[in-house]
Amino acid sequence: MKRFYLLAVAALSLCSTCIPLHAQDGFVARWQARATATQNGQPHWVTPLVTVTPRLEQEFRSDFVRQIAPAGTDTWNYGNNKGLELIPVSRVELIFNVPAYIQHNTKAKDGFADTTFLLKYRILGRNEKSGDAIVTAFIGGSYPTGSYKNGSVAATVTPTLAAGKGFSRLDIVSTLGAALPVTNATAVGRPITWNTTLQQNLAKYFWPEVEFNNTFYHGGPSDGHTQSFVTPGLMLGRFHVSKEHRRLGITFGLGEQIALTHFHNYNHALVFSGRVFF
């Protein structure tokens with residue numbers, strides 16, 4: 001993981017030396033202006049802790065998760081398959097995720113998870129002055145690059161529909177999607193995921209929330225089961241770095257998933273999230 005970040009930094013440094021300064025300034029300025037115009041046409045809520053937001057964001061994000069299994073063992077997930085989020089054109093966001101590193105603390109071998117990515121297309125966007133609502137379609141994908149069985153046995157495609165509505169200082173966001181395996185459907189199944197978040201803006205930087213995270217298993221080894229969690233959490237942000245660079249800042253989040261159903265892969269999980277938006 002450390003090597004990945006060092007290579008990324010080196011690549012960015014190399015690009016900055018290969019492209020003339022005036023070209024960089026023009027390209028970056030146009031990109032940032034386009035991203036600002038796109039985000040001005042949607043609600044300005046903070047991204048929830050677990051639920052993928054229908055809002056279009058431009059940031060680098062990394063999450064850390066500690067899961068406690070029924071047997072009492074704990075598993076650490078470093079990164080949680082989060083990464084770079086960009087707004088290349090109006091209404092579109094591309095997400096390139098860094099494979100998470102899984103530490104089991106059992107006899108299972110530690111290793112990296114699968115490679116994943118996500119494309120968002122905003123169908124409807126209304127900011128706080130014109131309706132405070134949003135509808136976005138996602139198409140996600142994963143490729144089985146996980147080491148030592150820390151990923152899936154098949155590539156998947158995940159179409160999702162997400163929507164949100166604001167009511168003064170309260171907003172409600174919900175997503176519904178299904179993971180469709182490209183091959184080996186019998187072994188993987190077709191789980192359907194439904195997440196809903198209720199979020200309150202109590203003050204400028206405080207966003208307490210409660211999420212309901214549900215997975216309905218169809219096919220595969222967990223066929224017929226439902227796994228549900230309630231996730232109380234607190235988001236803190238957006239903290240801007242300076243008045244001159246309003247697009248640059250940080251957001252933090254902390255919460256805990258608690259199992260609601262008899263069937264569950266883990267009893268509860270502590271989730272920490274850090275985002276640098278730009």
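Asp63 is buried, with a relative accessible area of 1%. This is a predicted model. Side chains of opposite charge can pair when their charged atoms come close. Across the whole structure, a search finds 5 salt bridges. This briefing covers some of them.

**Asp63 and Arg61**

- Asp63 forms a salt bridge with Arg61.
- The closest N and O atoms of Asp63 and Arg61 are 2.9 Å apart.
- Arg61 has a relative accessible area of 5%, and buried means under 20%, so Arg61 counts as buried.

**The network around Glu57**

- Arg55, Glu57 and Arg238 belong to one network, joined by salt bridges that share partners.
- Arg55 pairs with Glu57 in a salt bridge, with 2.5 Å between the closest N and O atoms.
- Arg238 also forms a salt bridge with Glu57, and here the closest N and O atoms are 3.7 Å apart.
- The pair of Arg238 and Glu57 links distant parts of the chain, 181 residues apart.
- Arg238 lies in strand S14, which covers residues 226–240.
- Glu57 sits in the loop between helix H2 (21–40) and strand S1 (59–68).

**Burial within the network**

- Are Arg55 and Glu57 buried or exposed? Both Arg55 and Glu57 are buried.
- Why does Glu57 count as buried? Its relative accessibility is 5%, and the cut-off for buried is under 20%, so Glu57 falls in that class.

Key: Residues numbered from 1 in each chain as written. Predicted model: local features only at pLDDT ≥ 70, side-chain atom pairs only at ≥ 80, totals over all residues. Heavy atoms only, no water. Salt bridge = Lys/Arg side-chain N within 4 Å of Asp/Glu carboxyl O. Buried < 20%, exposed > 50% of the residue type's maximum accessible area, 1.4 Å probe, protein only. Helix = DSSP H or I, 4+ residues; strand = E, 2+ residues; numbered from the N terminus.
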